[in-house]
Amino acid sequence: MQKEERHTGLVQKFIARYRNLILSDASSVSATPLSKDRYKSLKIRIFLVIGTLAGVPLVMITILSYLSLQGAFKEDFNNQMRGNIESTRQSVEFFIDERISALRFLAAANTYAQLSDERVLQDLFIKFKREFGEVVDLGVINSDGIQASYAGPYSLQGKDYSNQDWFHEVVIRGVYVSDVFMGYRKIPHFAIAVKKEVPERGTFWILRATIDMATLNRYVSIANLKSRDDAFIINHQGILQTQSRYHGNVLEKIAIEAPRPSEEVILSEVRQNGSTPLILGYTSIKKSPWILGMTVASTAQSKLLDLLTRDMVSAYLAVFLVFLGIIANIKFSSALVNWIREAELEREEAIAQSQHSGKLASIGRLGAGVAHEINNPLAIINEKAGLMKDILLMSTDAHINKEKFIGLIQAISDSVTRCKAITQRLLGFARRMDVRHEEIDLNDTIREVIEFLDKEILYRNISLETRLKEDLPRIISDKGQLQQVFLNIINNAIDAVEDGGQIMVSTELRNHDRIRVSIKDNGQGIAKEKIKNIFEPFYTTKEKGKGTGLGLSITYGIVDRLGGSIQVESEVSVGTTFHVELPVRAEAQ
Amino acid sequence: MSKVKVLLVDDEVEFASTLAERLQIRGYEAKAVFCAESALDMVRSEPPDVVLLDLKMPGMNGVEVLRTIKKLSPSCQVILLTGHGSEQSAAEWAADGAADYAIKPSEIETLVAKINRANEKRLK
């Protein structure tokens with residue numbers, strides 16, 4: 001039994017949630033337009049929730065993998081650029097080293113006296129040029145800085161270099177590589193000079209070669225460059241030593257911020273005014289006054305984007321998958337909502353079904369009572385008619401018994417009236433739930449209902465007082481259904497009070513267009529926490545078997561359909577008042 | 001042979017008195033009372049031969065009244081008047097001492113036959 005109660009409790013909770021739906025539409029199982037909207041918004045909400053649940057992790061994973069890919073890509077990109085710069089530097093350094101070594105070899109293999117001879121030098125120059133190419137001239141300078149001999153296109157014999165910086169430098173360092181300068185035929189050149197010590201005489205001499213910069217340019221431009229990238233050599237003053245594609249011409253100041261000398265390869269981001277940022281990589285070239293620089297127009301990020309957008313198949317696939325996900329989500333939300341809708345419809349049908357069977361059960365109980373009540377007048381009719389027959393059979397003169405006959409016939413008529421009243425009530429109760437509008441006097445309706453309950457009121461010694469306001473407007477409503485409403489509520493009041501209790505039924509006009517019927521009892525009352533449940537189907541506080549728990553829910557449904565409302569005031573052990581408010585003119589719902 | 005004394009017990013005054021009158025016409029010494037207390041008083045003061053007892057009266061249990069009557073006057077034959085009957089309830093009523101039962105409303109001939117049969121049973 002306890003289990004059953006708990007079960008009932010659960011059912012009530014479940015039903016409570018859908019009470020409005022049930023009660024506003026108890027007799028119809030088809031979905032109303034309002035509930036269609038409800039399902040639509042439910043569908044949208046489910047779609048959004050699933051979309052969020054699936055979409056947020058997807059977006060997060062995408063962002064995270066993009067970031068980590070970007071990091072890896074950036075490192076890869078930087079390493080590649082570093083390697084590029086490194087290898088170019090090595091090429092350039094090797095080129096310079098090679099020439100310095102060649103000059104040193106020449107200086108070591110020949111004496112000053114030999115090389116001072118123009119013809120010997122000319123011969124060496126030709127051989128040197130054949131081996132290394134791009135050598136413009138070759139010259140020997142003595143320790144005073146005077147050109148001792150010269151092989152080349154100029155006439156520099158006897159030129160004094162003693163005041164020039166490069167001369168001092170080569171004296172101190174033993175080797176010197178010059179900045180680029182415009183020389184023969186307006187072609188950029190640079191000079192390499194090596195010092196040859198003559199220890200036995202405590203003196204020295206210098207061998208100097210001028211080399212066409214085009215050779216070095218080849219090494220620099222070998223650096224595998226894309227169309228918007230650039231590679232160049234500058235000196236410490238920021239003067240371009242080679243032709244740059246974007247940052248200026250040879251021997252001009254470089255257009256971007258000049259890189260500083262550095263042993264290591266340095267990568268940095270530079271911004272030109274207004275244009276896209278550049279990645280600048282640079283490093284010093286050893287044994288020279290030069291810095292090798294390289295710029296890449298696109299950053300690692302833009303390269304990555306290039307890479308991703310170039311891979312259109314994955315992009316299409318991603319879009320397709322997202323699209324597929326959205327379709328699946330829509331399908332799933334619709335299916336889910338359809339399941340919910342079907343379940344609700346089934347439940348509504350079950351409720352309608354049980355309301356119907358509850359009604360049948362009440363009719364059955366009522367029927368038994370009515371049959372018993374009808375039996376008594378029938379028995380009276382039987383005896384009265386029988387007595388009349390007896391008298392007629394025994395007497396030959398009917399006139400003698402006229403008075404008696406009239407009395408007997410009257411008793412029969414009264415008994416028939418009694419039976420008729422009972423059957424009318426039964427028919428009224430059994431009438432279908434359709435709303436029928438007719439003009440009725442609410443006070444009369446209430447009086448009729450009370451008449452029906454008279455006997456029980458009498459047996460239980462309950463005092464039922466009526467304060468019916470006269471001159472109430474007649475209302476347009478359904479009499480049979482209203483009778484059912486008041487029968488239900490007054491019946492509940494009778495059940496609620498002790499023997500000898502008090503019930504008061506009153507009517508009043510409110511706002512000219514509504515009539516309020518109040519049924520007040522001094523019964524045990526309803527606890528506050530239970531009041532909210534009393535209109536729910538299957539909720540009952542009566543003993544097991546005494547109530548179906550459907551009375552008030554049916555009542556609520558009827559009043560609602562008739563455009564009225566029900567309020568309850570109750571205090572435990574003081575009593576309960578039900579207020580039923582009905583419109584004078586019921587709007588068909 | 002003296003008249004058979006019949007006591008009618010029913011809260012429906014019209015029914016009880018009319019039936020009593022009809023039984024008187026048929027030669028019975030019939031009396032009608034309208035509540036259990038009067039019936040028991042009658043059984044004590046002048047025990048009837050046959051009692052026609054309505055099973056359902058407000059505020060009292062017909063079977064209780066039956067038992068009391070049988071206790072006060074075991075020879076008294078009680079016929080129960082009921083709205084409905086069945087084999088099962090008839091057996092129960094017989095166990096409580098009822099001689100017979102009749103379904104309301106019933107024809108006077110049926111009732112008279114039942115009364116006579118009950119009276120014969122009493123005389124045996």
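**Close-up views of a predicted two-chain model**

**View 1. The largest nonpolar core holds 57 residues.** Five of its residues touch the most other members: Leu103(A), Ile192(A), Ala193(A), Leu207(A) and Leu292(A). Helix α3 of chain A, residues 33-109, gives the most to this core. Its share is nine residues. The model shown here and in the other views is predicted.

**View 2. Ile192(A) and its contacts beyond the local sequence.** Neighbours within four places in sequence are left aside.

**View 3. A second, separate core has 42 residues.** Its members include Leu55(B), Ile69(B), Ile79(B) and Ala98(B).

**View 4. Helices α12 and α14 of chain A cross at roughly 145°.** Helix α12(A) spans residues 479-496, and α14(A) spans residues 551-561. Their axes come within 10 Å. The crossing is left-handed. From α12(A), the contact uses Gln481(A), Gln484(A), Val485(A), Asn488(A), Ile489(A) and Asn492(A). From α14(A) come Gly551(A), Leu552(A), Thr555(A), Ile558(A) and Val559(A). By class, the contact residues are five nonpolar and six polar, with no charged residue.

**View 5. Chain B carries an open sheet of five strands.** The strand order is β2-β1-β3-β6-β7, and the pairing is parallel. Strands β2 (29-33) and β7 (100-103) of chain B form the edges, each pairing on one side only. Neighbouring strands are turned by 20° against each other on average, direction ignored.

**View 6. Strands β1 and β3 of chain B run parallel, with helix α5 of chain B packed on the sheet.** Four bridges join β1(B), residues 5-9, to β3(B), residues 50-54. Val6(B) stands opposite Val50(B) in β3(B). Helix α5(B), residues 108-123, touches β1, β3, β6 (77-82) and β7 of chain B. The direction of α5(B) makes about 155° with that of β6(B).

**View 7. Chain A meets chain B.** The contact takes 15 residues from chain A and 13 residues from chain B. On the chain A side, helix α9(A), residues 312-394, supplies the largest share, 13 residues. That side of chain A divides into seven nonpolar, five polar and three charged residues.

Technical notes:
Residues numbered from 1 in each chain as written. Chains lettered and ligands numbered in written order. Predicted model: local features only at pLDDT ≥ 70, side-chain atom pairs only at ≥ 80, totals over all residues. Contact = placed C-beta atoms within 7 Å. Helix = DSSP H or I, 4+ residues; strand = E, 2+ residues; numbered from the N terminus. Nonpolar A, V, L, I, M, F, W, Y, C, P; charged D, E, K, R; others polar. Axes fitted to C-alpha atoms, helices over the stretch in contact; angles between N-to-C directions. Left-handed = near helix turned anticlockwise from the far one by under 90°. Core = buried A, V, L, I, M, F, W, Y, C linked by C-beta atoms within 7 Å. Buried ≥ 20, exposed ≤ 12 C-beta atoms within 10 Å, placed from the backbone. Pairing = 2+ DSSP bridges.
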